[in-house]
Amino acid sequence: MTRRPYIVGNWKMHGTRAMLSEARAIDRAAQRHMKVEVALAPPYTLIHPIHREAEQIAVGAQDCHHADGGAHTGDISAAMIADAGASFVILGHSERRQDHSEGDAQVRAKAEMAFAAGLRVILCCGESLATRESGGAAAFVRAQLLASLPPADEMPAEVAERLCIAYEPIWAIGTGIAATTDDIAAMHAEIRALLVDLLGEEHGPEVRILYGGSVKPDNAAAIFAVPEVGGALVGGASLTADSFMGIALAASEPFES
Ligand code: PGA
C-alpha cells in the first residue's frame with residue numbers, strides 16, 4: 001500500500017450512547033497508530049456525540065438521501081450529516097441495496113449530493129454468491145461501478161482524496177468467510193483498471209480500494225498484503241476497540257517494523 005491504509009468501521013444498526021465509551025477507546029488507540037487512518041460510521045444518532053469528542057478518528061454516516069431536502073419523511077440529507085460532524089458517507093452498501101431497493105442510479109445521485117456537501121464518499125460494490133458461482137463477478141462489479149459512480153467530469157477536483165471504493169462480496173459480509181486473497185487481488189485489479197479508464201493516469205491509480213467482508217484481526221494482515229488493497233471496511237469486528245484496533249495494528253505493522 002502506497003498511501004496510509006484506511007480502516008473504516010461500519011457499525012450498521014448497532015450502538016446507543018452506551019457505545020460511546022467504545023468509540024472513545026478506538027479514538028485513543030488510533031492516536032497510537034498514526035500511520036493508519038481510522039474512521040467510524042456509527043448510526044446517525046451517534047455521529048455528533050462521537051464527532052464532538054474525537055481527537056483522531058473521522059466520523060461518517062452509513063447513507064444519505066439523494067435530494068438536498070424536502071418532503072422525505074425519515075430521511076436525512078448529505079448536508080445534514082455534514083452539519084452533524086460527518087466528513088464521509090458510505091453509499092451503495094449491499095444492505096441498503098437489498099433492504100431499501102436502492103439501484104445504481106440512486107446511488108450515483110447520492111454520491112453527487114454527498115460530493116456537493118463536501119463529504120468524502122466510500123462507494124460500495126460487490127457480487128452475490130450466485131453471480132460469483134456463475135463466473136460473472138468481474139463483469140457485474142464493473143457494470144455496478146460504472147452505473148453507480150458520477151461521471152468523471154462531475155467528480156470533485158481532488159477525487160483521489162474524496163472518493164474511495166469498497167469491494168464487498170455479499171456472500172462474505174457477516175458470514176465469517178472472507179474472500180480468498182486471490183479473489184481479492186483479481187477483483188481489486190479489475191477495479192483499479194476501471195478507475196484508471198474512468199479517471200485517467202493522474203487520479204485513477206490514487207483512489208483507494210478497500211476490501212470488506214468478514215475482516216478480522218486474524219485475517220487482516222494477509223488481506224492488507226494483497227496488491228491494491230488500500231484498507232478495509234469492517235462491520236462486526238469494528239464494534240469493540242479490541243478487535244477493531246487489532247485490524248488497525250495489522251495495517252500499521254508493515255510500516256512500523
Ligand atoms: P462484516 O461487514 O465485517 O461484518 O462482514 C462488512 C460490511 O458490511 O461493511
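**Exercise 1.** Find how far an oxygen atom of the ligand is from an N or O atom in the side chain of Glu 168.

Solution. The distance between an oxygen atom of the ligand and an N or O atom in the Glu 168 side chain is 2.7 Å. This is a predicted model, where local features need pLDDT of at least 70, side-chain atom pairs count only at pLDDT 80 or more, and totals for chains, interfaces and linings use all residues. Residues are numbered from 1 along each chain as its sequence is written, and side-chain values use heavy atoms, with hydrogens and water left out.

**Exercise 2.** State how far Lys 12 and Gly 236 lie from the ligand, and how much of the ligand is buried.

Solution. Step one: a polar side-chain atom of Lys 12 is 2.7 Å from a ligand oxygen atom. Step two: for Gly 236, a backbone N or O atom lies 2.8 Å from an oxygen atom of the ligand. Step three: the ligand taken alone exposes 280 Å² (Shrake-Rupley method, 1.4 Å probe), and the protein buries 97% of that.

**Exercise 3.** Describe the residues around the ligand by class.

Solution. The shell has 4 nonpolar, 7 polar and 2 charged residues. Here Ala, Val, Leu, Ile, Met, Phe, Trp, Tyr, Cys and Pro count as nonpolar, Asp, Glu, Lys and Arg as charged, and the others, Gly among them, as polar.

Key: Polar contact = N/O pair within 3.5 Å; in protein donor to acceptor, adjacent residues only side chain to side chain.
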